[in-house]
Amino acid sequence: MSGYKVMIVDDSAFSRTMIAESLRQIGCEVVGEADCIDSLVEIYANCQPDLVTMDLIMPGTDGFECSTALRLYDQNAKIILVSSMKDEQTEAEARRVGIVGYVQKPLDQEILLGIINNIMSPDTLYLQILDRGIELFKESLAQNLTRMTKCPVTFTPTSTDNQQFISQGITAIIGIIGHYSGTMILDLSIDVAEKCVSSLLNRPSKDRDETLAMVAELANIVAGVACSMLNKLDKTYSLRVAPPSVFSSSSAEIASPSLNIHSYCVETGFGCIFFGIGFKKGSTLWM
Amino acid sequence: MDVKHINPILNAFSEIIPQLGFDSIVKTKIALLGSSVEYSGILIDIGLYGTIKGVVLIGMSIDSAMTFASKMMMGMEVSSFDSLAQSAISEMGNMVCANACTQFNNVGISGLDISPPTVMISDFGTATLPANQVILISFIVDGIDVNVYVGLM
């Protein structure tokens, strides 16, 4: 018996009755029902469910649009698509709008219970990426910086209230894509970046472009090596690294609103480098 | 520059923005730029990876971002570009880029996925994208200037 609170979104009263009955049979409590997009968010806000079951095709809207509206209100909303249709394109679109599960009608209670328990149980793989994964990223950065500066580096955690950081001058952002998506941020002053270039090339940096290219390459290598190590640890991660973008400004702030960024001041022989890494929970379960 | 990269982004923007409560979307310019672009205000940075890879940036002034976020939150007053406004704006970027993956799939560029958004905020800064050439698509959305920079390869 699961005991979870569930809201049902379906335009058909008959379907809602059938889904509600299946949910009750497996011990869930149906706390709200919506039959269209208009009342969706209000009902969700009032009943505060643990989970939402979402129909795919509804008059004037669809399950993707409704899911988008719900996730705009609550980005942690856990939505299970319940549809008689099941094809590759629908699955891909469902994943992209942040739906976490997909069950086919007619509902099989055992399958439904399995997927609900999976969604609601602690995600051990995610806990592992937070624990071991962040250490591997730090290890990868430390190895590369030590090689470059010929000095050991030390990591000091930095704290922030709102996931917002002040740039020191140059910021490289790397997008991580895979079973869990994430972001790696490397931020350093122009002075520190130029010292890194001098150390690597045995001559001063030619110009700003060369310095920025070095920062991009360093970020790319650090993230690439760390993701490879994580993929070896568990191939389910399937992590890939998007190429870096690099920002430079004498006064900039960096915000990562959808992630809990673990941030560190990395003391190197050349000065402090800011290092941030975070992963998003959101593995999708399909039955 | 690959012209196949323009329409999926255009279509995604045109499909998602009305869902966020905006009425008018006018494409005002498409231009080809080098890999570095100057910005003043905010840039949402989202990485893409798959059969093509790179970065999409969505930029606007800070005032525009506050107006945009307010409209997304059904007119709620936004007096500074605070964490709530940042969250709303980055969710817009996330939705546009996620939809762009579907649009790319429709033109045979499959298997793309995106990273979570990061927001850069500066009065004056430079962004260097990982592609040699960047496509700039400018829009006016309910009177708000929005620039989308597509650096894919």
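A residue counts as buried if 20 or more other C-beta atoms lie within 10 Å of its own, exposed if 12 or fewer, and partly exposed in between, with C-beta atoms placed from the backbone. By that rule, 43% of the 287 residues of chain A are buried.

Before I go on, some ground rules. This is a predicted model, where local features need pLDDT of at least 70, side-chain atom pairs count only at pLDDT 80 or more, and totals for chains, interfaces and linings use all residues. Residues are numbered from 1 along each chain as its sequence is written, and chains are lettered from A and ligands numbered from 1 in the order in which they are written.

Chain A, then. Its C-alpha trace spans about 75 × 35 × 35 Å along the principal axes. It has eight helices and 17 strands; helices (H or I, at least four residues) and strands (E, at least two) are DSSP runs, numbered from the N terminus. Two residues are in contact if their C-beta atoms, placed from the backbone, lie within 7 Å. Of the contacts in chain A with a separation of 6 or more, 67% are between residues 24 or more positions apart.

Now the strands. Two of them pair if DSSP finds at least two bridges between them. What does S15(A), residues 262-268, pair with? With S8(A), residues 154-158, it pairs in the antiparallel sense over five bridges, and Thr154(A) has Glu267(A) as its bridge partner. With S16(A), residues 271-279, S15(A) also runs antiparallel, joined by seven bridges; here His262(A) stands opposite Ile277(A). A hairpin of two residues links S15(A) to S16(A).

Next, two helices of chain A. The axes of H2(A), residues 40-47, and H3(A), residues 63-73, come within 10 Å and cross at roughly 45 degrees. H2(A) is therefore oblique to H3(A), since angles under 35 degrees count as roughly parallel, over 145 as roughly antiparallel, 65 to 115 as roughly perpendicular and the rest as oblique. Leu40(A), Val41(A) and Tyr44(A) of H2(A) meet Cys66(A), Ala69(A), Leu70(A) and Tyr73(A) of H3(A).

Last, the other chain. The contact takes 39 residues from chain A and 37 from chain B. On the chain B side, S5(B) gives the most, with eleven residues. Strand S13(A), residues 245-248, pairs with S5(B) in the antiparallel sense over three bridges, and Ser248(A) has Thr126(B) as its bridge partner there.

Note on methods. Axes fitted to C-alpha atoms, helices over the stretch in contact; angles between N-to-C directions.
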